[in-house]
Amino acid sequence: MNSVWRRPYSDFLSNNLAAPILIAPANNSTGISVTPALTWNNVADATGYRVMVSDDANFTNIIHNVTVASNQHTIPGSILNQNTKYYWKVAGQNTNGQGQFSTIWNFTTMPQPPANQWTSYPTGVPYSLFAVDFYQHDIYSPTNELLGLAVGQGGTVLRTTDAGDEWTLVYQNINIWLNDVKWATDKIAYAAGMGGVIIKTTDAGVTWTVIRAYDTPLHTFRGIAVDEDYNPNKVTFVGYAGTYFETTNGGTNWIERTDIPWTMHSIDFASGYSSNGRGIISGTDGYIWNTTNWGANWVVRPEVRNAGIYDYLNDVVFVSSKIALICGNNG
């Protein structure tokens with residue numbers, strides 16, 4: 001009597017893909033961001049990967065289960081909690097099915113900072129940093145507020161996508177300093193500094209292009225303001241010894257002004273600038289200028305100097321359409 005042998009159907013849905021080797025975050029690591037980038041090695045013949053995350057070692061409570069195309073996956077916000085241990089594993093996949101899972105690794109997210117305290121976060125670069133900006137198109141309706149940039153010495157540009165828990169070096173030019181950075185949209189930002197250099201990103205800070213090259217130390221920029229609620233391509237740059245450059249087309253062309261003969265440290269436009277035209281420049285020796293006609297004219301304000309204050313006024317920021325704050329040397 002002839003025998004008929006049959007393999008289980010499940011055998012045809014599995015394959016011999018090797019188990020991935022996990023790379024980061026390191027096993028048993030602590031202080032990890034709540035939006036970590038999970039990475040592992042590429043597995044031969046795998047066309048995708050199954051990523052699973054659980055808050056218990058037996059994976060009885062799976063909180064994240066996705067299929068991705070590459071050997072890296074960043075966990076989105078609002079999934080992981082702070083100060084919590086998580087377990088994760090990865091398996092390769094292709095048209096024949098799913099391969100073996102990797103070994104299980106774990107990491108613990110960083111704790112919530114105590115209320116009313118400041119917490120230091122390492123950036124991984126040895127240079128001084130001079131400015132930081134987070135994307136908020138409307139201060140009353142924050143959008144993508146986790147996205148930030150910081151700039152400084154050595155032409156350094158750092159980028160964060162998790163509100164500053166982790167920073168990535170995305171640009172560097174050791175021959176210059178970058179003194180300020182400003183978002184225009186959630187994709188476009190500008191940074192400027194020494195010698196009149198201006199750089200721009202159009203992909204949310206991932207890559208940067210020089211749109212104004214170094215020309216002279218006298219054109220060193222200190223402050224940037226963007227008309228972000230009306231025209232993100234209209235950007236004003238101010239700096240040393242009356243340096244004032246403006247573009248209305250995102251850096252294709254430049255307009256230089258020379259009507260303010262003093263060093264300007266900072267510039268900001270009011271909320272609702274497109275309708276009210278208000279802006280303020282703070283500068284050296286107690287000088288303040290304001291505009292109410294979109295920068296067509298800047299008028300020097302005498303109040304600070306009349307009060308006997310001749311200190312450098314280093315930064316200005318509007319907190320509403322009419323209220324602004326300025327800080328400077330000597331408190």
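**Cores, pocket and salt bridges in a predicted model**

The largest nonpolar core comprises 19 residues. Leu-38, Trp-40 and Trp-88 have the most contacts inside this core. Four strands each supply at least two of the core residues: β3 (37–40), β4 (48–54), β7 (85–94) and β9 (105–109). A second core is separate and has 17 residues. Its members include Tyr-135, Leu-149, Val-151 and Ala-189. In soluble globular proteins, nonpolar side chains tend to be buried together. The model described here is predicted.

The largest pocket was examined next. Its volume is about 1100 Å³. The lining of this pocket consists of 42 residues. Closest to the pocket centre are Asp-133, Lys-182, Asp-268, Val-316 and Val-317. By class, the lining divides into 21 nonpolar, eleven polar and ten charged residues. Several strands contribute to the lining. At least two lining residues come from each of β10 (129–134), β14 (178–183), β18 (221–226), β22 (264–269) and β26 (313–318).

Gly-154 lies in the loop between β11 (148–152) and β12 (156–160). The relative accessible area of Gly-154 is 3%. This value is under 20%, so Gly-154 counts as buried. Beyond its sequence neighbours up to four places away, Gly-154 touches Gln-172, Asn-173, Ile-174, Ile-176 and Trp-177. Val-125 is 29 residues from Gly-154 along the chain, and the two C-alpha atoms are separated by 9.9 Å.

The structure holds four salt bridges. One of them joins the side chains of Asp-180 and Lys-182, with an N to O distance of 3.3 Å. Asp-180 is buried, at 10% relative accessibility. Lys-182 is partly exposed, at 22%. Lys-182 is also among the residues closest to the centre of the largest pocket.

Another salt bridge links Arg-257 and Asp-259. Their closest N and O atoms are 2.8 Å apart. Arg-257 is buried, with a relative accessibility of 16%. Asp-259 is partly exposed, with a value of 43%.

Arg-301 and Glu-303 form a further salt bridge, with the closest N and O atoms 2.6 Å apart. Here Arg-301 has a relative accessible area of 33% and is partly exposed. Glu-303 is likewise partly exposed, at 44% relative accessibility.

Conventions:
Residues numbered from 1 in each chain as written. Predicted model: local features only at pLDDT ≥ 70, side-chain atom pairs only at ≥ 80, totals over all residues. Heavy atoms only, no water. 1 Å grid on protein atoms, 1.4 Å probe; cavity = no way out; pocket = protein on both sides within 12 Å on 5 of 7 lines; lining within 4 Å. Points joined across faces, edges and corners; volume = space filled by probe spheres on them. Nonpolar A, V, L, I, M, F, W, Y, C, P; charged D, E, K, R; others polar. Buried < 20%, exposed > 50% of the residue type's maximum accessible area, 1.4 Å probe, protein only. Contact = heavy atoms within 4.5 Å. Core = buried A, V, L, I, M, F, W, Y, C linked by side-chain atoms within 4.5 Å.
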